[in-house]
Amino acid sequence: MHSIAITFWEKLLQWDRHLFETINSGCANPFFDAVMPFLRNSLHWAPLYLFLLVFVLQNFKLRGLWWVIFFLVTVALTDMTGNYAFKQVFQRDRPCRDIEMYEHVRLVLKECGGGYSFVSNHAANHFGMAVFFFITFRHRFRVWAWAGIAWAALIAFAQVYIGVHFPLDVIAGALLGTAFGIATGTFFNKRFGFAIFEHQPVA
């Protein structure tokens, strides 16, 4: 049983490295080289985050304040869990620092980045935000709620494309963020939910 587990893990890592090279090198093109570094930079999305928080506070008052608190708690939980329960435990090197991989990495950024690779906190944080938004606003902003999931997936893809994370890092990060987003979003809906959304859906 132990040997089977080892073999499965080795196969999984082989698949992970192969998929990384497919995305990092096989999908390489000048457009992605220009766009992906921009997409994965959280500072570029700061105006969107600020607009969202102000919009909720202005329109939903006290419930909006609770929404903002739960939104920030979701990000804090995904970030701390990703760092302390995964990165510091597994201590997996980034592709651009992995002695078996770095020669095969096409690093789009000038620097590899610090910290460990598993899980991707970018993926965890953005999926946490996107899923929390989806759970709490899906009855009102149907299209935009799904767009948030697509946005998080694109940022996760960018992490692999630029060469700083393996696919398993972003998949695990996405699952972690999704779990927290569902948990905090569901709790918010039960305690403070925007009931008006049930009666005024927007396509």
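Thr136 lies in helix α4, which spans residues 121-137. Helices here are DSSP runs of H or I with at least four residues, numbered from the N terminus. The model is a predicted one, in which local features need pLDDT of at least 70 and side-chain atom pairs count only at pLDDT 80 or more, while totals for chains, interfaces and linings use all residues. Residues are numbered from 1 along each chain as its sequence is written, and side-chain values use heavy atoms, with hydrogens and water left out.

Thr136 counts as buried because its relative accessibility is 5%; buried means under 20% relative accessible area, exposed over 50%, and partly exposed in between, for a 1.4 Å probe and protein chains only. Its side chain forms a polar contact of 2.9 Å with the side chain of Trp67. A polar atom of the Thr136 side chain also lies 2.8 Å from the backbone oxygen of Phe132. A polar contact is a pair of N or O atoms within 3.5 Å; within protein, one must be able to donate a hydrogen and the other to accept it, and residues adjacent in sequence count only if both atoms are side-chain atoms.

Trp67 also takes part in the contact between α3 and α6. The axes of α3 (residues 46-90) and α6 (residues 167-192) come within 10 Å and cross at roughly 155 degrees. Axes are lines fitted to C-alpha atoms, for helices over the stretch in contact, and angles run from 0 to 180 degrees between N-to-C directions. The two helices are therefore roughly antiparallel, a class for angles over 145 degrees. Residues in this contact (heavy atoms within 4.5 Å) include Trp66, Phe70 and Thr78 of α3 and Phe180, Gly181 and Phe187 of α6. By class, the contact of α3 with α6 has ten nonpolar, seven polar and one charged residues. Nonpolar covers Ala, Val, Leu, Ile, Met, Phe, Trp, Tyr, Cys and Pro, charged covers Asp, Glu, Lys and Arg, and the others, Gly among them, are polar.

His44 sits in the loop between α2 (30-39) and α3. With a relative accessible area of 36%, His44 is partly exposed. A polar atom of its side chain lies 2.9 Å from the backbone oxygen of Phe38. His44 and Thr78 are 34 residues apart in sequence and 20 Å apart in space, C-alpha to C-alpha.

Helix α2 packs against α5 (residues 142-161) at an angle of about 120 degrees, with the axes 9 Å apart.

Notes. Parallel < 35°, antiparallel > 145°, perpendicular 65-115°, else oblique.
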